[in-house]
Amino acid sequence: MLEWAWPWLALALPLPWLIGRLLPPARSVGGSALRLPYALKGLDVAGGATPVPRWRRVLAWFAWTLLIAAAARPQWLGEAQSLPRSGRDMLLAVDASGSMSTQDMEIGGDVVSRYSAVKMIAGDFIRRRVGDRIGLIVFGSQAYLLTPLTFDRDTVSKQLNESSIGLPGRETAIGDAVGLGIKRLRDRPQDERVMILLTDGVNDAGELDPHKSIELAVAEHVKIYTIGIGAEAMRVDGFFGSRTVNPSADLDARLLTTMAEKTGGHFYRARNTAELAQIYAEIDKLEPSADAQEQFRPIDELFHWPLAGALLIALLTGLRSVPLPRPFTAKAMP
């Protein structure tokens with residue numbers, strides 16, 4: 001939709017006509033004609049000023065109208081778009097150690113690894129967090145920040161999908177992951193610092209003790225939701241036949257529960273993909289994303305078009321009024 005930012009400038013449109021009506025005409029200056037080295041075509045050097053042609057007056061009015069139109073700032077308003085309010089600063093810390101390759105999850109009837117299930121369900125969670133800054137940490141023997149806090153949820157999802165098991169090492173450094181998350185969140189507003197930690201093991205690597213990381217999280221007001229992933233029963237084929245084992249025997253549920261309770265979060269147990277999806281849905285309710293009711297309309301400035309038209313008219317009129325010299329004729333020498 002076309003709109004004018006300063007439409008009141010249209011009141012200046014009749015200004016040249018008013019000036020011509022109210023001001024007295026300029027006096028003609030008499031005197032001898034100026035001698036020039038050559039005669040100028042279309043210029044009466046002996047008489048007074050020649051009258052302004054009608055076509056030039058019309059072009060002058062047209063150029064003045066275009067200048068007024070440019071000064072009024074024509075704008076094109078685009079379609080209304082939602083502008084999300086600033087929401088929470090949320091870091092996802094995902095375990096990418098070797099044990100996440102255990103295939104005790106199902107997606108669509110197919111058995112998949114724990115990490116594949118996390119990619120699918122956490123990716124959907126990321127896409128729903130409109131208005132939040134999302135960051136991604138993967139940890140194994142060490143913790144790495146794959147994506148800093150950003151509104152670009154597509155990039156976070158892409159980084160999660162492109163990460164792989166064992167990239168940060170085969171062991172599990174829970175304390176380092178929490179410490180790195182606290183470091184990235186400490187400069188954000190206190191009421192918006194949220195961290196979701198997902199793991200299937202026990203802290204057996206890293207430099208920061210996980211209990212010390214809990215104290216740091218409490219001091220920095222970082223709320224941590226912890227998720228322990230992995231089935232509790234899985235059939236394994238062996239030399240003496242199949243047997244049922246607990247693939248999550250190494251999960252340190254006590255540590256994860258303490259971490260969540262002391263920081264104001266909650267500990268969840270995900271034994272299958274359905275429970276994992278339900279957990280992320282519950283976190284979505286406990287930590288609602290920003291309200292996206294505010295809207296804005298993109299504005300494209302169009303003043304340069306009428307301004308360019310006025311300048312073009314002035315240029316063409318000026319070139320048309322430039323007198324051309326008479327052709328030079330050489331005389332033969334006696």
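This is a predicted model: local features need pLDDT of at least 70, side-chain atom pairs count only at pLDDT 80 or more; totals for chains, interfaces and linings use all residues.

Me: Why are H5 and H6 called roughly parallel?

Reply: H5, residues 174-185, and H6, residues 210-219, pack at an angle of about 20 degrees. Angles under 35 degrees count as roughly parallel, and H5 and H6 are therefore described in that way. Their axes are 8 Å apart.

Me: What makes the residues in the contact of H5 with H6 nonpolar, polar or charged, and how many belong to each class?

Reply: The contact has 5 nonpolar, 3 polar and no charged residues. Val, Leu, Ile, Ala and Pro are among the nonpolar types, whereas Gly counts as polar.

Me: Why is Asn-203 called partly exposed?

Reply: Asn-203 has a relative accessibility of 22%. Buried means under 20% and exposed over 50%, with partly exposed in between; Asn-203 therefore counts as partly exposed.

Me: Where is Asn-203 found, and which residues does Asn-203 touch, not counting those up to four places away in sequence?

Reply: Asn-203 lies in the loop between strand E9 (193-199) and H6. Not counting residues up to four places away in sequence, Asn-203 touches Thr-172, Ala-173, Ile-174, Gly-175 and Pro-210. Asn-203 and Ile-174 are 29 residues apart along the chain, yet their C-alpha atoms are separated by 5.3 Å.

Me: How do you know that the buried residues of helix H4 line one face of the helix?

Reply: The buried residues of H4, which spans residues 153-162, are Val-156, Ser-157 and Leu-160. Viewed down the axis of H4, these buried residues fall within an arc of 100 degrees, so they line one face. Asp-154, Lys-158 and Glu-162 are exposed on the other side of H4.

Me: What covers the buried residues of H4?

Reply: The cover includes helix H3 (114-128), strand E7 (133-139) and strand E8 (143-150).

Me: How many helices and strands does the protein chain have, and what percentage of its residues count as buried?

Reply: The protein chain has 9 helices and 15 strands. Of its 334 residues, 34% count as buried, the cut-off being under 20% relative accessible area.

How values were computed
Residues are numbered from 1 along each chain as its sequence is written. Side-chain values use heavy atoms; hydrogens and water are left out. Axes are lines fitted to C-alpha atoms, for helices over the stretch in contact, and angles run from 0 to 180 degrees between N-to-C directions. Helices (H or I, at least four residues) and strands (E, at least two) are DSSP runs, numbered from the N terminus. Angles under 35 degrees count as roughly parallel, over 145 as roughly antiparallel, 65 to 115 as roughly perpendicular and the rest as oblique. Buried means under 20% relative accessible area, exposed over 50%, partly exposed in between (1.4 Å probe, protein chains only). The arc is that of the directions from the helix axis to the C-beta atoms. Contact means heavy atoms within 4.5 Å.
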